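Open your viewer and keep the selection tool handy. We'll hop from stop to stop, picking something to select each time and seeing what is there.

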Amino acid sequence: MDNKYTNNNPPGLSSSEDDSLAATGMRAADTLLRLVPMGLCIAALIVMLKNSEANDYGSVAYSDLGAFKFLVHANGICAGYSFLSAAVAAMSPPSTLSKAWTLFFLDQLLTYLTLAAGTVSTEVLYLAYNGDKEITWSAACGTFGKFCSKATASVVITFVVVAFYAFISILSSYKLFSRYNAPLPHPNSKQQLQTPVFHG
């Protein structure tokens, strides 16, 4: 007995329509995944930009420390790239080889950039909280506690961004390298290989 639904597609939905819906869903998920880090980067940026404290012992601001200025710049770059990459991911045309390579490279770059900014800032915060007895550098957070708290919040948010971009980098690498066919031996030569094909 014939079954008109043996293609495992829902009734009234063709295979091409099913693929189109799946691709639309993937684009929406990719776009959302790239927009979340943008909000986090802006939050970390604002927290650090407004971070300053003055008391009887003096004053301190994020701009006094190179590591925190680097964190601000890195988060600004991250927010801008997240917005642009989300816009690119949301575009309807199918992915091309150059687009896939560009996103792969830039996703990796942003991951390492935010990781470097967070790591350097963490080292500065460690010294601010604990000091350095070998060079008689006393802890500063006992005096400027509010400043250290805001800086810590900004650094923590930055590491959350790192986690997001690490995941995004894994996805972009999978999208890129999973679209290659395995090299096949040339019919006339065992040593010559065919050029890998990218499915756009």
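Start by selecting Ser-154: is this residue buried or exposed? Ser-154 counts as buried because its relative accessibility is 0%, where buried means under 20% relative accessible area, exposed means over 50%, and partly exposed is in between (1.4 Å probe, protein chains only). You'll find Ser-154 in helix α4; helices (H or I, at least four residues) and strands (E, at least two) are DSSP runs, numbered from the N terminus. Now show what surrounds it. Not counting residues up to four places away in sequence, Ser-154 touches Ala-44, Val-47, Met-48 and Leu-71, with contact meaning heavy atoms within 4.5 Å.

A quick note on what you're looking at. This is a predicted model, in which local features need pLDDT of at least 70 and side-chain atom pairs count only at pLDDT 80 or more, while totals for chains, interfaces and linings use all residues. Residues are numbered from 1 along each chain as its sequence is written, and side-chain values use heavy atoms, with hydrogens and water left out.

**Zoom out: the whole chain**

Switch to a cartoon view. The chain has 4 helices and 4 strands, and along the sequence they follow the pattern α-β-β-α-α-α-β-β. Of the 200 residues in the chain, 30% are buried. Take the contacts between residues at least 6 apart in sequence: 72% of them join residues at least 24 apart.

**Select α2 and α4**

Next, colour residues 66–90 (helix α2) and residues 145–177 (helix α4). The axes of these two helices come within 11 Å and cross at roughly 35°; axes are lines fitted to C-alpha atoms, for helices over the stretch in contact, and angles run from 0 to 180 degrees between N-to-C directions. Which hand does the crossing of α2 and α4 have? The answer is left-handed: the near helix is turned anticlockwise from the far one by less than a right angle, whereas clockwise would be right-handed.

Show the side chains where they meet. On the α2 side, the contact is made by Phe-68, Leu-71, Asn-75, Cys-78, Tyr-81, Ser-82 and Ser-85.

Leaving aside neighbours within four places in sequence, Phe-68 is in contact with Met-48, Tyr-62, Ser-121, Val-124, Leu-125, Phe-147 and Ala-151.

**Walk along α1**

Select Leu-32 in helix α1. With 55% relative accessibility, Leu-32 counts as exposed. Draw a distance line from its C-alpha atom to that of Ala-90: they are separated by 9.1 Å, though 58 residues apart along the chain.

Go to Leu-40, also found in helix α1. Leu-40 is partly exposed, with a relative accessible area of 22%. Beyond its neighbours within four places in sequence, Leu-40 is in contact with Ile-157, Val-160, Val-161 and Phe-164.

Now pick Leu-49, which lies in helix α1 and is partly exposed at 42%. Setting aside neighbours within four places in sequence, Leu-49 is in contact with Tyr-62 and Val-72.

**Last stop: Asn-51**

Select Asn-51, in the loop between α1 and β1 (52–55). Is Asn-51 buried or exposed? Asn-51 is buried, with a relative accessible area of 1%. Apart from neighbours within four places in sequence, its contacts are Ala-61, Tyr-62, Lys-146, Phe-147, Lys-150 and Ala-151.
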